[in-house]
Amino acid sequence: MPLVVIEVMPKAEILDPQGKAITASLARSGYEGITEVRMGKRFELTVDGDVDRARLEQLQEIAEETLANSVIEDVVGIHVVDQP
């Protein structure tokens, strides 16, 4: 069964307090050169059958309507990572 990964990130204009906290923590830990961290979400969906164009369109719809909050987030990737 194919595994599909859907990635969702905050829109560029939306503040990301968790990302800012991680950035500050890295600096305090001595890691240099990291100027910004943005934190997003990763969803892994196992699907029956092959992932064809119709299934990808369905997954895009699921991602946009259910997994992402369209006011503050964008779907940035849908990847089939394991398909026989």
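Predicted model: local features only at pLDDT ≥ 70, side-chain atom pairs only at ≥ 80, totals over all residues.

Visitor: How do β1 and β3 pair, and over how many bridges?
Guide: Antiparallel, over 8 bridges.

Visitor: What is the strand order in the sheet?
Guide: β2-β1-β3. The sheet is open, has 3 strands and pairs antiparallel. β2 (41-46) and β3 (73-82) are the edge strands, each pairing on one side only. From one strand to the next, the twist averages 20 degrees.

Visitor: What lies across β1, β2 and β3?
Guide: α2 does, and its direction makes an angle of about 140 degrees with β3.

Visitor: Now the core. Which residues make up the largest nonpolar one?
Guide: There are 10: Val4, Ile6, Val8, Leu45, Val47, Val51, Leu59, Ala63, Leu67 and Ala68. Two elements give two or more residues to this core, β1 (3-10) and α2 (53-67).

Visitor: Pick Leu67. What is Leu67 in contact with, leaving aside neighbours within four places in sequence?
Guide: Ile6, Lys41, Phe43, Leu45, Ile62 and Glu73.

Visitor: Zooming out, in what order do the elements run?
Guide: β-α-β-α-β from the N terminus. That comes to 2 helices and 3 strands.

Visitor: Is the chain compact or spread out?
Guide: More spread out than a compact globule, because its radius of gyration is 16 Å, well over the 12 Å that the globule rule gives for 84 residues. The C-alpha box is roughly 50 × 30 × 15 Å along the principal axes.

Visitor: How much counts as buried?
Guide: 24% of the 84 residues. The chain exposes about 6000 Å², with 50% of that from carbon and sulfur atoms.

Key: Residues numbered from 1 in each chain as written. Heavy atoms only, no water. Core = buried A, V, L, I, M, F, W, Y, C linked by side-chain atoms within 4.5 Å. Buried < 20%, exposed > 50% of the residue type's maximum accessible area, 1.4 Å probe, protein only. Helix = DSSP H or I, 4+ residues; strand = E, 2+ residues; numbered from the N terminus. Contact = heavy atoms within 4.5 Å. Pairing = 2+ DSSP bridges. Axes fitted to C-alpha atoms, helices over the stretch in contact; angles between N-to-C directions. Rg over C-alpha atoms; globule rule 2.2 N^0.38 Å. Areas by Shrake-Rupley, 256 points an atom, 1.4 Å probe, with all protein chains shown as cover.
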